[in-house]
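Look at the two chains and at how they meet.

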Amino acid sequence: MKKHLQNVGFWCVVALIVIVSVFPFYYAVITSFKTGTSLFEVDYFITSFDLANYAQVMENKKFLRSIFNSVLIAGATVGFAMFLAVTASYALARVHFRGRSLLLMSILAVSMFPQIAVLAGLFELIRFLGIYNTPWAMILSYTIFTLPFTVWVLTTFMRDLPIEIEEAAIIDGATPWNIITQVFLPLMWPALVTTGLLAFIGAWNEFLFALTFTASEEQRTVPVAIALLSGSTEFETPWGALMAASVIVTVPLIILVLIFQQKIVSGLTAGGVKG
Amino acid sequence: MARKSGAASGNSLSAQRKRAAFWFLVPMLSALIFVAAWPLLRTIYFSFTDTSLTSLYDGRWIGFDNYLSYRELSSGRVIWKGTLVDPAWWNAVWNTVRFTFISVAFETVLGLMVALVLHQNFKGRGWVRAAILIPWAIPTIVSARMWGWMLNDQFGIINDMLLSVGLIDRKIAWTATADTAMYAVLAVDIWKTTPFMALLCLAGLQMIPRDIYEAAKVDGVHPIKVFWKVTLPLIRPALMVAIIFRSLDALRIFDLVYVLTPNSQATKTMSVIARENLFDFDKFAYGSAQSTLLFALIAIFVSAYIWLGKVDLGGNADR
Amino acid sequence: MAQIKLTDVRKSFGAVEVIKGVDLDIRIGEFMVFVGPSGCGKSTLLRLISGLEEITSGDLEFDGERVNDLIPSKRGIAMVFQSYALYPHMSVFENMAFGMKLAKSSQDEMKDRVTAAAEMLQIDHLLDRKPKQLSGGQRQRVAIGRAIVRDPRVFLFDEPLSNLDAALRVATRLEIAKLHHDMNDVTMVYVTHDQVEAMTLADRICVLRDGVVEQVGTPEELYDSPNSVFVAGFIGSPKMNLLTGSFAEGEGCETLGIRAEHIDICPPEDGRWTGPVMHTENLGSDHFLFVDIGTDEPLIVRQPGKQKIAMGETLGLLPQASMLHRFDGGGRAISGA
């Protein structure tokens with residue numbers, strides 16, 4: 001009997017965890033299917049299935065432009081960071097030189113920077129380069145967190161590759177560049193995908209820089225567009241459209257996260273636990 | 001006869017590798033200096049000037065005036081000025097510290113609990129783990145707006161739930177009321193970040209060898225005692241790292257507060273107030289000073305943590 | 001094809017000196033085995049020769065040319081690793097051809113050399129497979145094949161058999177012996193902790209201990225006239241009997257050594273040593289008798305044939321006088337004994 005009660009209790013806890021995790025998203029989905037006055041009635045289950053909100057969002061040129069901006073910026077940032085990080089992490093993981101751990105600690109420290117601390121200086125730099133209110137401002141500024149992150153995670157992955165394979169390649173006449181491009185990269189692509197995905201999500205979600213370095217609606221990224229989407233008064237906030245937009249930008253992320261679940265967990269722990 | 005060889009010679013393997021490493025690191029380090037170190041130094045420099053947003057290059061050096069200065073009036077009264085005597089700043093500091101402490105404490109405890117549940121073998125565990133990843137995957141801004149809708153005073157589902165259960169007797173404007181705004185921010189942050197903590201704790205748990213538990217089971221040790229005496233000490237290192245990462249994140253929080261509770265004195269954090277001064281109130285130098293202070297606070301926090309952590313780790317024989 | 005000469009070679013990792021001045025000549029076409037207990041520096045010495053590890057001081061010459069500062073691929077060496085170290089994402093062919101590909105050899109030449117090596121090792125039907133589709137023994141052949149394709153003047157083996165099971169180990173050992181026979185102008189250096197491997201494969205053995213060469217010589221030399229207690233105890237199975245105290249004093253030395261097969265059995269009253277048999281081991285072709293004559297460890301006596309000796313029976317033992325090994329207080333052999 002006691003065992004039975006324990007079992008019931010356990011499953012209640014599991015159910016609670018799942019419901020609390022999923023409910024806000026579920027509720028956003030329900031809301032996004034409602035229009036007119038039914039929006040303002042509280043429902044716990046789907047009562048209507050009206051795609052008008054989605055149609056409205058997809059017809060909104062400015063929102064589509066924001067999605068394009070976000071994809072472009074996050075993609076470029078991640079590509080740039082990975083390009084620099086792969087060679088750098090080889091040096092940090094595989095070559096012995098003095099000051100290596102100090103360097104690694106400094107890189108970790110940069111990833112812990114409060115972004116506000118560089119905001120004023122970055123603003124000046126971006127103004128000086130004449131890239132204010134362009135995607136370049138974000139591509140440049142996002143490097144501050146994507147680059148240390150990718151370097152750190154790839155370094156921990158690369159450290160785990162077997163040393164004898166590298167030595168065999170050295171004997172075969174491979175230069176460090178050959179080793180990276182022809183031996184390590186083919187072995188590391190799962191790690192690369194994971195790291196790139198995590199960095200992409202980080203860049204996709206960034207808000208402070210995107211808010212500060214854009215002025216016109218056309219240049220906004222998705223988070224800024226969603227944050228600033230509102231009517232003139234609280235009652236005019238287009239909740240239905242807002243939730244539809246939220247669902248649109250979240251669903252691809254959720255799908256990606258579910259597909260790469262296993263890998264993401266290992267990437268997060270590589271970045272976290274081994275620190 | 002036996003010539004000394006080593007680092008001095010340019011052709012050996014390690015010399016070749018060191019040379020390659022140097023060129024591999026240069027682009028990455030220059031990028032970081034360009035986007036991180038230099039802007040940080042400029043921010044600190046601005047904090048000692050009277051630079052304004054409209055004329056970035058006309059600032060004059062005014063020493064510590066943005067931090068603290070005083071003026072003696074002819075009547076003999078002394079007037080103090082600067083961030084360090086600004087009640088709005090100290091309010092933000094208090095909000096930030098309070099937020100960090102409470103959110104990290106809750107996330108750690110809840111994360112550990114979720115991790116313990118997920119560490120059990122049960123049917124559908126993969127699905128549960130996938131479910132808890134959802135809050136983490138949703139962009140902060142999006143979750144702020146989702147929760148903003150759920151916490152809406154007129155039409156929000158949270159008020160509806162609490163009313164029907166009888167926990168409250170009238171609708172509450174959670175995000176707009178000074179008394180409850182911080183709770184709203186805390187709730188959303190805890191909801192969003194507990195999964196991260198849970199996954200890190202779970203990774204820590206999975207590194208504990210199974211036979212330790214089996215030995216405890218054979219010895220008939222009570223599960224709660226096993227948790228305190230075996231599990232917790234073993235995952236402590238992983239937990240400590242997770243806590244520091246989370247604390248650093250919480251100390252610099254901006255987006256959630258900015259979107260969920262705009263312009264609320266009750267939740268305004270250091271990042272929010274600094275940005276407000278930098279760009280909204282045209283007190284660029286003053287905002288820079290506040291940014292610098294936040295940076296200094298985090299730097300001190302990290303050094304203290306690493307220092308204390310090291311002292312602690314030294315005591316652990318198995319490290 | 002290469003003669004290797006080491007002159008006062010030293011290697012330190014930080015403050016710790018691991019190789020403490022090694023002088024050694026390895027002849028052209030010779031099969032040299034480095035053997036010793038773990039931590040003796042044998043693998044480090046091999047890595048110094050390969051160039052994977054940098055020599056702290058001293059000279060390493062290949063055919064009279066100093067190669068201390070030459071990167072491994074320029075030394076004309078090939079190496080077979082303990083863990084095979086195949087490239088997991090490449091096929092067997094690509095694994096074997098990788099070095100030639102880096103050297104920008106022509107496709108035809110690559111194909112010829114890889115095929116020739118593969119036929120020699122009978123792995124030509126596996127060329128399209130990935131390493132993970134191969135058995136342990138096949139992987140080791142591929143690793144050897146990769147080394148052959150490099151057409152090296154020096155072949156280095158770092159404990160290549162220790163990841164294989166016992167049966168495969170013997171088979172691969174024969175394979176390597178055959179390889180040495182077929183490529184008789186290639187110098188081979190082989191590291192192992194297993195003295196049986198050393199005895200069966202080597203032209204000459206170099207016994208290392210704590211970063212110093214204890215003795216270099218042919219297997220027979222090391223077996224018949226070890227120059228120290230350490231070598232005496234390390235080479236040969238079963239171990240040489242080493243007696244101290246009054247047993248040794250009678251011969252005018254600190255330690256007295258005698259191999260199991262150099263002890264004759266006689267009636268107790270005629271024996272120089274006597275004692276009861278504590279234990280016997282029957283290996284089929286011969287017996288090992290463990291006799292308690294009052295030493296710390298029982299004396300091992302080899303008895304050919306099937307002659308039955310009961311446990312507890314007291315035996316007299318007579319060492320063959322010419323086969324006694326005498327060592328001084330420092331563990332060195334006393335010459336002219």
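What follows covers a predicted model, beginning with the contact between its chains.

**The interface**

The size of an interface is often given as the accessible area lost when the parts come together. Here chain A and chain B bury about 8,100 Å² between them, and carbon and sulfur atoms account for 79% of that area. In chain B, the residues that lose the most area to chain A are Phe24(B), Arg145(B) and Trp149(B), together 10% of what that side buries. Counted by contact, 85 residues of chain B touch 100 residues of chain A.

Polar links also cross the interface. There are 14 residue pairs in polar contact and 2 salt bridges. In one salt bridge, the side chain of Arg42(B) meets that of Glu124(A), with 2.7 Å from N to O. On the side of chain B that touches chain A, helix 1 (residues 13-46) of chain B gives the most, with 22 residues. By class, this side of chain B has 64 nonpolar, 10 polar and 11 charged residues.

**The largest pocket**

The largest pocket holds about 1,600 Å³ of space. Its lining has 32 residues, and those nearest the centre are Phe10(A), Leu116(B), Gln120(B), Pro223(B) and Ile224(B). At least two lining residues come from each of these helices: helix 1 (2-32) of chain A, and helix 2 (87-119), helix 7 (210-218) and helix 8 (223-251) of chain B. The table divides the lining by class.

| Class in the pocket lining | Count |
|---|---|
| Nonpolar | 18 residues |
| Polar | 10 residues |

Key:
Residues are numbered from 1 along each chain as its sequence is written. Chains are lettered from A and ligands numbered from 1 in the order in which they are written. This is a predicted model: local features need pLDDT of at least 70, side-chain atom pairs count only at pLDDT 80 or more; totals for chains, interfaces and linings use all residues. Side-chain values use heavy atoms; hydrogens and water are left out. Contact means heavy atoms within 4.5 Å. Buried area is the accessible area (1.4 Å probe) that two parts lose on being put together, summed over both. A salt bridge is a side-chain nitrogen of Lys or Arg within 4 Å of a carboxyl oxygen of Asp or Glu. A polar contact is a pair of N or O atoms within 3.5 Å; within protein, one must be able to donate a hydrogen and the other to accept it, and residues adjacent in sequence count only if both atoms are side-chain atoms. Helices (H or I, at least four residues) and strands (E, at least two) are DSSP runs, numbered from the N terminus. Ala, Val, Leu, Ile, Met, Phe, Trp, Tyr, Cys and Pro count as nonpolar, Asp, Glu, Lys and Arg as charged, and the others, Gly among them, as polar. On a 1 Å grid over the protein atoms alone, a cavity is a set of points where a 1.4 Å probe fits but cannot get out, and a pocket is an open set with protein on both sides within 12 Å along at least five of seven lines; lining residues have an atom within 4 Å of a point. Grid points are joined across faces, edges and corners, and a volume is the space filled by probe spheres set on the points.
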